Amino acid sequence: MNYYSLHHKSPKVSFQEAVVKGLAPDRGIYFPENITPISKEFIDTIGDYSNEEIAYEAIKQFVGDEIPKDVLQQIIKETINFDFPVVEIEKNIGTLELFHGPTMAFKDVGARFMARCLGYFNRNNNNQITVLVATSGDTGGAVANGFLGVKGVDVVILYPSGKVSDIQEKQLTTLGQNIKALEVDGVFDDCQEMVKTAFLDSDIPRTLTSANSINIARWLPQMFYFFFAYKQVYKKNKEVVFSVPSGNFGNICAGLMAQKLGLPVKQFIAATNVNDTVPNYLVDGVYNPKPSKATISNAMDVGNPSNFIRIQELFNNDLEALKTAFSSYSFTDEATKVAMKDIYKNANYVADPHGAVGYLGLKEYKITEEQFGIFLETAHPVKFLDVVTETLPVEVEIPEQIKSVIDKEKEALKIGTYEELKSFLNS
Ligand SMILES: *Cc1c(COP(=O)(O)O)cnc(C)c1O
């Protein structure tokens, strides 16, 4: 499979090159040249297949022959060796829990898949690759965990100082080995901008790649979730609506890819916090990125979502076509807390702030009798302990995955400018 840059000023590349490069030389992100639907028969009988089989069916065309079948199957098996349950919390509403992986946020799947692909591509040579990644919270932990100890790969994580939760910070600053954390005096967009600048800086002699959802190997495996959810609910014979708490819009864009592969989805809802660039765009057709604002759903504090351009490409840049399949609404922190309380009161379910924003998306859309709405619970509530315990009368039990990092010593280098990043990378 070939990939082209969405800035259309760089040559097409293979899957391997797109994964290793991350971003195209013209600073565009990569997009697959062809998308061929999966057979209808497969989708109609999806319940007969294992998650591994479904994931292989979804991803194989995007990898092509660049990874042998048995290796790809093994990579998938290791990537998704935990559960993805849909839990019904109200009539016609369920939550797809994506937090059962090692760092308890949905980004584990993409990070684990990408780490294993890079490990495969690097199997014979000793060309050290540096994965450079900006995080608004959860990417850092998932990437650190997914890449820990992968031969030939160094990981450098930039995170905004004071803007990630304590547990998130521990997850990305305590692992050691091939993982280095840089604490940036700024917001997520500053981190992301520094990373993008470094990729194009010819004075950095290292081979750099990204592990943000701009990297296709991080982004594409997220399609799996939507198939796994559909498999659990299709026998209800209802139209399926997904509400995806969105920041960089990688996850929802993967959902739209799944739909393009033939997954029957009635509507996608991109639910955001007050970082409302996309909801505003759907209203007035003006795409006006703004600096990100800090919220209680901090993994979605993104003012200029990188993947939105992929969504536009999927709809041939036709806003009216996009609007028929895709809605987007923005919610305040106050509304998010009220939603957390409602979910707890009505269903005795503890949602994290991101999941609660997703829930609000379904409420705003108004699910009908003929529909089943699924909001993605993208992180375990323990990852946002302060907000959860402040909002709900609950004690959240600390899971094993979290206990193992909580008492470890933070190690991070503070930086404030791009020059400081550069001198770190060149040292
Ligand atoms: C990253 C993240 C999101 C946003 O996902 P995007 O793909 O960036 O839109 C939502 N919730 C949580 C918990 C996250 O970590």
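Colleague: Is Phe375 buried or exposed?

Modeller: Phe375 has 0% relative accessibility and therefore counts as buried; buried means under 20% relative accessible area, exposed over 50% and partly exposed in between, with a 1.4 Å probe and protein chains only. Please note that this is a predicted model, in which local features need pLDDT of at least 70, side-chain atom pairs count only at pLDDT 80 or more, and totals for chains, interfaces and linings use all residues. Residues are numbered from 1 along each chain as its sequence is written, and side-chain values use heavy atoms, with hydrogens and water left out.

Colleague: Which strand does Phe375 lie in, and which residues is Phe375 in contact with?

Modeller: Phe375 belongs to strand β13 (residues 371-377). Helices (H or I, at least four residues) and strands (E, at least two) are DSSP runs, numbered from the N terminus. Leaving aside neighbours within four places in sequence, the contacts of Phe375 include Ile89, Ile93, Leu96, Tyr359 and Leu362, where contact means heavy atoms within 4.5 Å.

Colleague: At what angle do α5 and α6 pack?

Modeller: The angle between α5 and α6 (residues 138-147) is about 40°, and their axes are 8 Å apart. Axes are lines fitted to C-alpha atoms, for helices over the stretch in contact, and angles run from 0 to 180 degrees between N-to-C directions. The two helices are therefore oblique to each other: angles under 35 degrees count as roughly parallel, over 145 as roughly antiparallel, 65 to 115 as roughly perpendicular and the rest as oblique.

Colleague: Which residues of α5 and α6 meet?

Modeller: Among them are Ala111, Met114 and Leu118 in α5, and Ala142, Val143 and Phe147 in α6.

Colleague: And how do α6 and α7 cross?

Modeller: The axes of α6 and α7 (residues 166-173) come within 8 Å and cross at roughly 30°, which means that α6 is roughly parallel to α7. Asp138, Gly140, Gly141 and Ala144 in α6 meet Gln168, Gln171 and Leu172 in α7.
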